[in-house]
Amino acid sequence: MNSLTKMALGLIGQLKPLPALEGASTLLHLPAPSLTGGMPLIAALASRQSRREFAPEPLAEQQLSDLLWAAAGINRHELGGRTVPSAMNSQEVLLYVAMPQGLFLYEPLPHHLRLIVASDVRRVTGQQDFVDTAPLDLVFVADHSRLGLVPAAQREAYAYVMAGAMAQNVYLYCASEGLATVIRAWFDRDALSQAMGLQADHQLLLSQTVGGMKAESGA
């Protein structure tokens, strides 16, 4: 679906998810993240870029596990510390994963995905056409109830800082793995909030599409 069609549907409140693939599990257990190997950090920084063309095939299970751990996983189990910083360790940004099987919430401690909405909401995660068919779209959502010690006027800024750190970790992982990704802020907030069933104290921040590199057509 192209951007103009999405905008038109949004104006009349008809930008809706699609049915999910049948037989989706309500809980997706992920393999343990791989904590060795990969590209050197400086090389990953040199390779980091936004790409807007994606192969439609799903990520390998290990790639999905490593991607989500890089974005929001626990790297210090004795403290519950994450791979990204947050104000007073509030861990206020929730990471949702939109795939053909449905919309899932990443839960870092058990390192698994929990089904939240049994619909394919990928096309609602952005106005761009490529979000509809890319393997997955990440959605960063602030849970402001976790920032009770932060003045209300500052909570949004704190959440965006955490979301930005998560997105950059995704960029660096994708650079290391030869995957394509792009961060996005152009989406219909009302339509996506409704599709995700978000609560009143939840705020949509950013989306990020991830997938394999699209093969170049031969001459």
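Keep in mind as you go that the model is predicted.

**Stop 1: aspartate 143**

Select residues 136–143, which form strand β10, and look for aspartate 143 in that strand. Is aspartate 143 buried or exposed? Its relative accessible area is 8%, and because buried means under 20%, this aspartate counts as buried.

**Stop 2: the largest pocket**

Rolling a probe the size of a water molecule over the atoms shows where empty space is left. The largest pocket holds about 480 Å³ of space. To find it, select Gly37, Trp69, Ala70, Tyr173 and Ser176, the closest to its centre of the 19 residues that line this pocket. Next, colour α2 (41–47), α3 (61–72) and α4 (152–177), the elements that each give two or more residues to the lining. What kinds of residue make up the lining of the largest pocket? There are eight nonpolar, nine polar and two charged residues.

**Stop 3: the second largest pocket**

Here the volume is about 220 Å³. Select Pro58, Leu59, Leu64, Met99 and Gln101: of the 14 residues lining the second largest pocket, these are the closest to its centre. Then highlight β2 (27–29) and keep α3 coloured, as each supplies at least two residues of this lining. Colouring by class, you will find eleven nonpolar, two polar and one charged residues around the second largest pocket.

Note on methods: Residues numbered from 1 in each chain as written. Predicted model: local features only at pLDDT ≥ 70, side-chain atom pairs only at ≥ 80, totals over all residues. Heavy atoms only, no water. Helix = DSSP H or I, 4+ residues; strand = E, 2+ residues; numbered from the N terminus. Buried < 20%, exposed > 50% of the residue type's maximum accessible area, 1.4 Å probe, protein only. 1 Å grid on protein atoms, 1.4 Å probe; cavity = no way out; pocket = protein on both sides within 12 Å on 5 of 7 lines; lining within 4 Å. Points joined across faces, edges and corners; volume = space filled by probe spheres on them. Nonpolar A, V, L, I, M, F, W, Y, C, P; charged D, E, K, R; others polar.
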